[in-house]
Protein chains: 2
Amino acid sequence: MSARNTDTKEEILRIGKQLIQFYGYNAFSYADISRELNIKNAAVHYHFRGKEDLLMALVQNYIDNYQLLAQQLKAAPLKAVGKLDKFIERYTLLCETDSICIIGSIASDYNTLPDSVKEKVTELINLVMSLVEQTLAEGKRKGELVFTETPKTQALLIMTNLAAGVQLARISGKKDYEAIRKAIIRQVKS
Amino acid sequence: MSARNTDTKEEILRIGKQLIQFYGYNAFSYADISRELNIKNAAVHYHFRGKEDLLMALVQNYIDNYQLLAQQLKAAPLKAVGKLDKFIERYTLLCETDSICIIGSIASDYNTLPDSVKEKVTELINLVMSLVEQTLAEGKRKGELVFTETPKTQALLIMTNLAAGVQLARISGKKDYEAIRKAIIRQVKS
DNA sequence: ATAATAACTTACTAATAGGTAAGTTTTCCT
DNA sequence: AGGAAAACTTACCTATTAGTAAGTTATTAT
């Protein structure tokens, strides 16, 4: 309750995030959100004019979040493998709640989305990709990581392993995800 | 078969396949199918009682198709890389129509599906995974392929690269997919 | 030729979707 | 204390969804 509750907006984003990662964008409704928060449907529309706006805000939220992670990793006294681990950990957490990453979720519904969202998603992907790529490049330069592909390509391989890894885990179990996770590290370490 | 049209059922499956790979399971309706085929909504229900039954048939269709591919590859006078290429080619084709693989599409909507479908999808994944795994194992045994992971893990890596590769291509373009495709081959060749 | 049946169409449901306009309550600011 | 503005609720609306029952037309088998 904002004038009743100060953070309904953030709560909506929180639930929205959960729903899109668990069910997918086209499989949840404003009713799902309002039910969960014990508010009315129109209250959700008050904070986010339409579903498109909610998704937009959600993607922006992820952008902010990954920008923060990028900063933290830059400042952190961690080796490249440690930084990579920090990144991978996010996917491991998703996996534990049978959720998938928002990029994969949105990619699957991509052809049903308005252009505005598509552009924001491109922004998110570019950010995430360059974060991984730079971590890999830096690690290689410092001799902490070893791989033969370009950092960009290696980043693509890792990202796709993770994104589809959490998707696969839903169906064939978490062991497969764990095998993937360990293999990713092995491929750039050694 | 059909009084008016002999292959309406197969046409429905064809369109259904396209729709699920382009829009996703929760984003298409029987109306989309009937519009495309110039038949009425109820005609689709005549052939497939409900959307669940259609999806079920669709997944079974893929199972049949991959079983056929498995047989063809077994009989084909191809080296392991060639067999792998045949497999990868399917994803490359998907990519060209901005479509994604059915496994990734279903994985994204997985938590909205009935148990019956979930089981069939597991069957499909097991089939596809073992096809790749066996191709890799055989290639390694014959000295045609070189990789350090177990065939099972290497198959997981390749499958996730491809599944998420076509998803990513929707957003960030086909060049990224091509980079992934080439890297997959490099990783097991030489 | 006809009866059975397969393949439909017509004409409906009931439920849910996303969304809006107008009114009400709460909080904030002066 | 008294607005103004923010944060809602109430009460709708229209479109679409999956789905069904009953009737119609075409095909097939006898």
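B:Asp176 forms a salt bridge with A:Lys152, with 3.7 Å between the closest N and O atoms. A salt bridge here is a side-chain nitrogen of Lys or Arg within 4 Å of a carboxyl oxygen of Asp or Glu. This is a predicted model: local features need pLDDT of at least 70, side-chain atom pairs count only at pLDDT 80 or more, and totals for chains, interfaces and linings use all residues. Residues are numbered from 1 along each chain as its sequence is written, chains are lettered from A in the order in which they are written, and side-chain values use heavy atoms, without hydrogens and water.

**The interface**

The rule finds 4 salt bridges across the interface of chain B and chain A. On the chain B side, the elements giving two or more residues are α6 (102-109), α7 (115-141), α8 (151-172) and α9 (174-188). Helices are DSSP runs (H or I, at least four residues), numbered from the N terminus. Of these elements, α8(B) gives the most, with 13 residues.

In total, 37 residues of chain B are in contact (heavy atoms within 4.5 Å) with 38 residues of chain A. The buried area is about 3500 Å². Buried area is the accessible area (1.4 Å probe) that two parts lose on being put together, summed over both. Carbon and sulfur atoms give 62% of it.

**Salt bridges in detail**

The structure holds 16 salt bridges over all chains.

| Pair | Closest N to O |
|---|---|
| A:Arg186 and B:Glu149 | 2.6 Å |
| B:Glu11 and B:Arg14 | 2.7 Å |

How exposed are the partners? Buried means under 20% relative accessible area, exposed over 50%, and partly exposed in between (1.4 Å probe, protein chains only). B:Arg186 is partly exposed at 44%, while A:Glu149 is buried at 8%. A:Arg186 is partly exposed at 42%, and B:Glu149 is buried at 8%.

B:Glu11 and B:Arg14 sit 3 residues apart in helix α1 (residues 8-22) of chain B, so about one helical turn separates them. A:Lys83, A:Glu138 and A:Lys142 are linked in a network of salt bridges.

**Inside chain A**

A:Val132 lies in helix α7 (residues 115-141) of chain A. Its relative accessibility is 2%, so A:Val132 counts as buried. Beyond its neighbours within four places in sequence, A:Val132 is in contact with A:Phe87, A:Ala155 and A:Met159. A:Val132 and A:Ala70 are 62 residues apart in sequence, yet 9.4 Å apart in space, C-alpha to C-alpha.
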